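Colleague: I would like a close look at one part of this model. Please take me through the pockets, and then through the strands and the helix residue that you can describe.

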Amino acid sequence: MKREIIITGDGSSTIHIPEWNEQYHSKHGALQEAKHVFIKTGLIPYISSSHKTEISILEIGFGTGLNALVTWEEASAQNTVVKYTGVEAYPVAQEEVDKLNFVEVLEDSEAENFFKNIHSSEWENEVEITPSFKLIKQQKFFQDIDDDQLYDLIYFDAFGARVQPELWSVEIFKKMFNALKNNGILVTYAAKGSVRRAMLEVGFGVERLPGPPGKREMLRATKII
């Protein structure tokens, strides 16, 4: 399928797939969405409530690496060590990565090296990107995830249910539930009723929260045993 780099509402870039009319990030603002959904309602509340200084994160859809980038930035500010696992079935091509402008928009002098290193690091092996950020990129389908109580936090950032409904099924959310530690949380930009019902069916406690710019609501799910 054809893919193109576009500029979103906050000036940051994303990858657009015309055939699906779908983007890797919100067209209203890629950076704003990443910070709102995964940092403001995921990472920050988890660190605050758990008081942990080391956390493990699973990202469903590593994609452009934007969520890893903003996670590193916030975790560094909070002196939190992160072990980050990014699962991606179809890695973004390097020529596409080179056209993304996240580093310029963030205006962070250290972000350039970090962003370059997460994309150049080898797949399937744990790589120390910084002393406080370890990354494992896994190339596989989400259906093949079979982890058991490994993660504190899940960023669920798959393509939308409109184009890939199979990724928002009870089967997938059962895998997410199993992969989380007790009291772990999953955050996603999605707010569809079918997604919420799938989460509830596998045992999650689910909250509707205000969404990022351009979206009224999003979901946060908690594994409470």
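**Pockets, strands and a histidine**

Modeller: Start with the second largest pocket, which holds about 470 Å³ of space. Keep in mind that this is a predicted model. The lining of this pocket is made up of 26 residues. Nearest its centre are Tyr24, Glu88, Tyr90, Phe159 and Gln164. Sorted by class, the lining of the second largest pocket has 13 nonpolar, eight polar and five charged residues.

Now turn to the largest pocket. Its volume is about 550 Å³. Here 24 residues form the lining, and Glu22, Glu33, Gly160, Tyr189 and Lys215 are the closest to the centre. In the lining of the largest pocket, 10 residues are nonpolar, seven are polar and seven are charged.

Glu22 brings us to a sheet. Strand E3 covers residues 22–23. E3 belongs to an open sheet of three strands, in the order E1-E2-E3, and the pairing is antiparallel. Strand E1 (4–7) and strand E3 are the edges of this sheet. Each has a single partner strand, so one side of each has no neighbour in the sheet. Strand E2 takes in residues 13–17, and two bridges join E2 to E3. Look at His16: its bridge partner in E3 is Gln23. What holds such strands together? Strands of a sheet pair through backbone hydrogen bonds, either parallel or antiparallel.

There is another antiparallel pair to find. Strand E6 spans residues 127–130, strand E7 spans residues 133–138, and three bridges join them. Together E6 and E7 make a hairpin, with two residues between them. Within this pair, Glu128 stands opposite Lys134 in E7.

Last, pick out His36. This residue sits in helix H1, which runs over residues 30–50. Is His36 buried or exposed? Its relative accessibility is 13%, and the cut-off for buried is under 20%, so His36 counts as buried. Now see what surrounds the residue. Setting aside neighbours within four places in sequence, His36 is in contact with Thr41, Pro210, Gly211, Pro212 and Met218. Two of these contacts can be followed to single atoms. A polar atom of the His36 side chain lies 2.8 Å from the backbone oxygen of Pro210. For the backbone oxygen of Gly211, the distance to a polar atom of the His36 side chain is 3.4 Å.

Conventions
Residues numbered from 1 in each chain as written. Predicted model: local features only at pLDDT ≥ 70, side-chain atom pairs only at ≥ 80, totals over all residues. Heavy atoms only, no water. Pairing = 2+ DSSP bridges. Helix = DSSP H or I, 4+ residues; strand = E, 2+ residues; numbered from the N terminus. 1 Å grid on protein atoms, 1.4 Å probe; cavity = no way out; pocket = protein on both sides within 12 Å on 5 of 7 lines; lining within 4 Å. Points joined across faces, edges and corners; volume = space filled by probe spheres on them. Nonpolar A, V, L, I, M, F, W, Y, C, P; charged D, E, K, R; others polar. Buried < 20%, exposed > 50% of the residue type's maximum accessible area, 1.4 Å probe, protein only. Polar contact = N/O pair within 3.5 Å; in protein donor to acceptor, adjacent residues only side chain to side chain. Contact = heavy atoms within 4.5 Å.
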